[in-house]
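Thanks, everyone, for making the time this morning.

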Amino acid sequence: MTDVSRRTFLATTAASLGAGLAGPGSPSALAAADDFTDLVDAHVHVWTPDTVAWPLAAAFTKADMQPASFTAEELLATCRPHGVSRVVLIQMSFYGFDNSYMLDCIHRHPPAFAGVAIIDHDKPGVAAEMKALKGRGVRGFRLYANRKNAQAWADSAGMQAMWECGADENLAMCLLADPDALPAIAAQVARYPKTPVVIDHFARLGMKGGLESPEAQANMERLLTLADYAEVNVKVSAFYALGAKQPPYDDLAPMIRRLRDAYGSKRLMWATDCPYQLDQGPAGEAHSYTASLELVRDRLDFLSREERLDILRNTARRVFFDGLA
Ligand SMILES: [Zn+2]
């Protein structure tokens, strides 16, 4: 049994054991009592060890695939016991611009998945490609928004075509942002205020050097300022990688509270960033699917039940699943 399938087995077993427990604090008891079902995980990567059928891009080898396998089926076995029925698949870097494995997963499991694809914005016909992918379940496009890239957007005809098409077709620009790219991102959002935007993982504030430094606080203010644009949404996600990087992730609460205050719960969406959320931390602490979900569903006492459901379900359904309420 691979690590992942073993973890999946353990998670499934734990969830089914939990169903038989009367304890009010058990995850499944809470989920049942409060109807935390049909949840959406807004950011997961899938890949298959079958690199013959689904070849890797030139820059990658099998050694880059850690874990070796995280297929759509392994993902569904991981998330469904937690009441998560829909997932936004994020094109994995291993496959470059070849979105076909992700598209195949979307095709094989309706209506569980929507996709965020990666395309080459320097190739002609960007808008036509976006529309063709929309017909196959893609609802967003991933942009590697480091500072250098984001500063170059203004001078890229292909990038302008992408943001225009995003506004016209209701397709989101999904930004894997670095904190120091936020000024350039703000300039682009100001040029295209009608284009839906989703910023991954709190713009990765607190990935390096914690959340308390003056620099981190200044970047936090920049992220909060972007809330002035109605089409900007933020992913509350990748807890394993941010701040103290330790479950139960309570140190992220002040940041999430400020985002709730600025954006409202209807523009925040939860995501795990599996399979990485399933990895063991450096000190051996267990990052798990349960730990990620519990932070938003059961902790964060400043959130109302409705706000929890917005973050865990409604925002991602609106942005990525054609407006399902
Ligand atoms: Zn990710």
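What follows is a short tour of this model, which is a predicted one.

Let me begin with the chain as a whole, whose secondary structure comes to twelve helices and eight strands. Of its 325 residues, 46% count as buried. If we take the contacts in the chain with a separation of 6 or more, residues 24 or more positions apart account for 77% of them.

Now to a pair of helices. Two packed helices are described by the angle between their axes and the distance between the axes. For helix α5, residues 126-134, and helix α7, residues 157-169, the axes come within 9 Å and cross at roughly 40°. That angle makes α5 oblique to α7, and the crossing in which α5 passes α7 is right-handed. On the α5 side the contact is made by Val-126, Ala-127, Met-130, Lys-131 and Lys-134, while α7 contributes Gly-158, Ala-161, Met-162, Cys-165 and Glu-169. Sorted by class, this contact of α5 with α7 has six nonpolar residues, one polar residue and three charged residues.

In helix α4, which spans residues 100-108, the residues Tyr-101, Met-102, Cys-105 and Ile-106 are buried. If you look down the axis of α4, these buried residues fall within an arc of 140°, and so they line one face of the helix. What do the buried residues of α4 pack against? Their partners are α3 (72-79), β2 (84-90) and β3 (113-117). The face of α4 turned away from that buried side carries His-107 and Arg-108, which are exposed.

Is Ala-216 buried, exposed or partly exposed? A residue needs 20 or more neighbours to be called buried and 12 or fewer to be called exposed, and because Ala-216 has 18 C-beta neighbours inside 10 Å, it counts as partly exposed. Leaving aside residues up to four places away in sequence, Ala-216 touches Leu-205, Gly-206, Gly-209, Gly-210 and Leu-211. Of these, Gly-206 is ten residues from Ala-216 in sequence, and the two are 7.0 Å apart in space, C-alpha to C-alpha.

Finally, I would like to turn to the loops and their backbone. The peptide bond from Pro-110 to Pro-111 is cis, with omega near 0°, and Pro-111 sits in the loop between α4 and β3. A cis peptide bond also joins Pro-247 and Pro-248, where omega is about 10°, and Pro-248 belongs to the loop between β7 (232-237) and α10 (253-263).

Ala-238 is likewise placed in the loop between β7 and α10, and its phi is near 55°, a positive value in a residue other than glycine. Tyr-249, in the loop between β7 and α10, has a positive phi as well, near 65°. Ala-238 is buried, with 21 other C-beta atoms within 10 Å, and Tyr-249 is buried with 22.

Thank you, and I am happy to take questions.

Definitions and conventions: Residues are numbered from 1 along each chain as its sequence is written. This is a predicted model: local features need pLDDT of at least 70, side-chain atom pairs count only at pLDDT 80 or more; totals for chains, interfaces and linings use all residues. Axes are lines fitted to C-alpha atoms, for helices over the stretch in contact, and angles run from 0 to 180 degrees between N-to-C directions. Helices (H or I, at least four residues) and strands (E, at least two) are DSSP runs, numbered from the N terminus. Angles under 35 degrees count as roughly parallel, over 145 as roughly antiparallel, 65 to 115 as roughly perpendicular and the rest as oblique. A crossing is left-handed if the near helix is turned anticlockwise from the far one by less than a right angle, and right-handed if clockwise. Two residues are in contact if their C-beta atoms, placed from the backbone, lie within 7 Å. Ala, Val, Leu, Ile, Met, Phe, Trp, Tyr, Cys and Pro count as nonpolar, Asp, Glu, Lys and Arg as charged, and the others, Gly among them, as polar. The arc is that of the directions from the helix axis to the C-beta atoms.
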